[in-house]
Every structure is written in structure tokens, then in C-alpha cells.
Amino acid sequence: MKSLFSKKQFSKAALAALAGLSALTLAACGGAPAPAGSSGAAGGAQDAITVYNAQHESLTQAWVDEFTKETGIKVTLRQGSDLELSNQIIAEDAKSPADVFLTENSPAMTQVENAGLFADTSATVQEQVPAEYRPSTNKWTGIAARSTVFAYDKTKLKADQLPKSIMDLADPAWKGRWAASPSGADFQAIVSAMLELKGEDATLSWLKAMKENSKAYKGNSTAMKAVNAGEVEGAVIYHYYWFGDQAKTGENSNNVALHYFKNEDPGAFVSLSGGGVLASSQHQDSASKFLEFVTGKAGQTILQTGTSFEYPVASGVAPNDKLTPLADLQAPKIDPAKLNSAKVTDLMTQAGLL
């Protein structure tokens, strides 16, 4: 097969490529002037940010699309799970390409905070998010919330047969009757709340009883499906799985109802999804603007009207009208900065759940 270039043509092409590469290198090192408009003005190439995203991909994509439309700042998303991405950020340390980290649950945020890798949130974020929905340290912020619930088979259980507290599920009377997804970050966040509220001894005792009493499933949706199919009578999950299924066909939740523990019980825990700007970010202004957008009226309205059925927590935006108002959940008051994911996994391992 003949070459597409003659030797002379190839030499010219190679020299042109090398010249282009040299120009790029000089520009990157400051040896040549940057193109007009790329020196940090909103929407310039140097303003583009990278978000490590453990939130629902469709929700974050909706945030990104509207943010870029409003500001011109481009956003690259890297998807992963809470603890996968938090561990990656810690391993990358100051060299992390991440500018912003978003999670589904707050223990992963606390893990990154404890490693000293977050910058302070801006005054705007702190004004937009009420104190009860952000850590006292202001190293990150709540961006959404989800309520712990006991999803139960309404064809088998009546209201007076439901557990009064999540702690009641340790009773041998519940052996083989309930489920959870212990390996997931969702459930581990709930255990983090129990640890903070009840202490290490009570939490370990409950986890050991859980090992004897419960059935383990992979994921909250799978646990809810098991309830719907009559495999178990109930499951500890987050509320939005039921609402999301009901908004579709309801085929995995039509036999299921939700029980809210309330009374500041550990089972009434409201888990915060978090957002934080990395201290190592080279684009602090753009990263802060993104977090301000997410917690602002526009970002929280996207959450309210979307299909994730999570709770808005900022800028006075009400939840989807199908949801029980946050104030009515009677959730326990917990500083999310104190949630300890490392200790929880240790305790769960001791109990034989991990």
C-alpha cells in the first residue's frame, strides 16, 4: 500500500506538528501569550472544571447543563460511588484533577474533610443553605437530602405491627423478616447516624443482631423489590426509591408502603448529599460558582421538579409535593461533620456484615 505522503510532504507535516506542539508548550508554560478571553474570564477555557460525581447522574447532568448555559463554564463529570471517589481523592491528594466533589451521602464528604482536602464554602453557599443542612465546619455543604424509611409489605403488615424504632429490628421476633443493603454507602450512612446517637456498644450490638435477623440484598431497589415480591416483610431503605418506582410503572413497589420512624429515632435519620470544593482546585472561582448554583434557587428547583425525588435543602425551595415535608419527619439533629464512615465499616466488619 502506497504512503499517503511523499518523504518531502511527510517532513513538512512533521515540522508543522512539532511547531504546533512547541507553541502549545510555550503557552502552557507562560512563554507565549494566552489567546484573548482565556485568562480566567467567565466561560473561558481556563474556567472549565472537573466534578467527581457520586450523585444521581441524571440530576447532576441537569445541574451541569443549566450551569453551563448560564455561565459558559464547561464541566467534565467523572462518575463513581461515594466511597470509591472519596478514596480516590484522598489517594490523589493535592494532585487531584477534581475541582468539586458531589456525593449521595455525607460520610464520604467527612472522610475527605478529615483528610484536610476541602476549601471553605463561600459566604453565598452558607447564606443559601440553612445551618441544619451543612456541617458546622463549613468545609462542604448539603445539596439534597433523603429520609430513612421502613418499606413494608402492606399486604402482610398493619400499622400496629410495625417497629416503633429501627432499634426494634434487633429483636429475635424480626428474624428472617426484614432486609437491607449493608454493603452500600446508603445503609452505612444510616449506621453512622446510629453510632453518633446511640454509641459504639449499642450500635455493634444492633449490627450483630442484624446479621442474625436480616437478609442482605445488593442495593436499595433490590431490597424493595424483595418486599414487593413477598420475600421479606420489610426493608430499611431511603424514601426516594419507592417514589421513583411509583412515578414509573409501580411494578416493584405496588405492594409496598413507607413507614417513617419519626420521634428523632436513628431510623428517622435524614442523610445529606454533599458538595465541596477541593482546596487543590486551580479553578476556585468557577468551582465555587458551581456549588453556589447547585444550592441556589435554580439548582434546587431542578431537584424539586426532577425525577430523583430527593429533598431540596437550600434557598427556600419546597420539596416535590408528593413528599412528606422535611419538618414533619422529626429527624434527629446530627452534625454531619461527626459522621464516621471508617468506624462504621470497622463495626460492620466485626458484626460479619461486610
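## Helices, ring pairs and buried loops

Q: Which residues of helix α8 (residues 220-228) are buried?
A: Helices are DSSP runs of H or I with at least four residues, strands are runs of E with at least two, and both are numbered from the N terminus. Buried means under 20% relative accessible area, exposed means over 50%, and partly exposed lies in between (1.4 Å probe, protein chains only). In α8, the buried residues are N220, A223, M224, A226, V227 and N228.

Q: Which elements are included in what covers the buried residues of α8?
A: This is a predicted model, in which local features need pLDDT of at least 70, side-chain atom pairs count only at pLDDT 80 or more, and totals for chains, interfaces and linings use all residues. Residues are numbered from 1 along each chain as its sequence is written, and side-chain values use heavy atoms, with hydrogens and water left out. Contact means heavy atoms within 4.5 Å. The cover of the buried residues of α8 includes β4 (141-153), α6 (185-198), β7 (234-238), α9 (240-247) and β8 (256-259).

Q: What percentage of the residues in the protein is buried?
A: The protein has twelve helices and nine strands. Of its 354 residues, the buried share is 50%.

Q: Why is helix α4 (residues 107-114) described as largely enclosed by the rest of the structure?
A: What covers the buried residues of α4 includes α3 (82-92), β3 (100-102), α6, β9 (270-277) and α12. Helix α4 is largely enclosed because six of its eight residues are buried. The buried residues in α4 are P107, A108, M109, T110, V112 and E113.

Q: At roughly what angle do the axes of helix α2 (residues 57-71) and helix α11 (residues 297-305) cross?
A: Axes are lines fitted to C-alpha atoms, for helices over the stretch in contact, and angles run from 0 to 180 degrees between N-to-C directions. The axes of α2 and α11 come within 10 Å, and the crossing angle is roughly 145°.

Q: Which residues of α11 meet residues of α2?
A: The residues of this contact divide into six nonpolar, one polar and two charged. Here Ala, Val, Leu, Ile, Met, Phe, Trp, Tyr, Cys and Pro count as nonpolar, Asp, Glu, Lys and Arg as charged, and the others, Gly among them, as polar. From α2 come L59, A62, W63, E66 and E70, and these meet, in α11, A298, G299, I302 and L303.

Q: What is the angle between the planes of F67 and F290?
A: Rings of Phe, Tyr and Trp (its six-membered ring) pair if their centres lie within 6.5 Å; planes under 30 degrees apart count as stacked, over 60 as edge-to-face and the rest as tilted. By this rule there are nine aromatic pairs. F67 and F290 form one that is edge-to-face, with 5.1 Å from centre to centre and a plane angle of 80°.

Q: How many residues apart are F67 and F290?
A: Both F67 and F290 are buried. F67 belongs to helix α2 and F290 to helix α10 (residues 284-295), so that the pair links distant parts of the chain, with a separation in residues of 223.

Q: Why is the pair of W242 and F243 edge-to-face?
A: W242 is buried at a relative accessible area of 18%, and F243 is buried at 9%. Their ring centres are 4.9 Å apart, and the pair is edge-to-face because the planes stand at 85°.

Q: Where does P312 lie?
A: P312 counts as buried, with 4% relative accessibility. Not counting residues up to four places away in sequence, P312 touches Q300, L303, Q304, V317, A318, P319 and L326. Its place is in the loop between α11 and α12 (341-350).

Q: How far apart in space are L329 and A268, C-alpha to C-alpha?
A: L329 is in the loop between α11 and α12 and is buried, with a relative accessible area of 2%. Leaving aside neighbours within four places in sequence, the contacts of L329 include S147, Y260 and A268. L329 and A268 are 61 residues apart in sequence, and their C-alpha separation is 6.8 Å.

Q: Is N263 buried or exposed?
A: Most residues other than glycine have a negative phi. N263, in the loop between β8 and β9, has a positive phi near 55°. With a relative accessible area of 61%, N263 is exposed.
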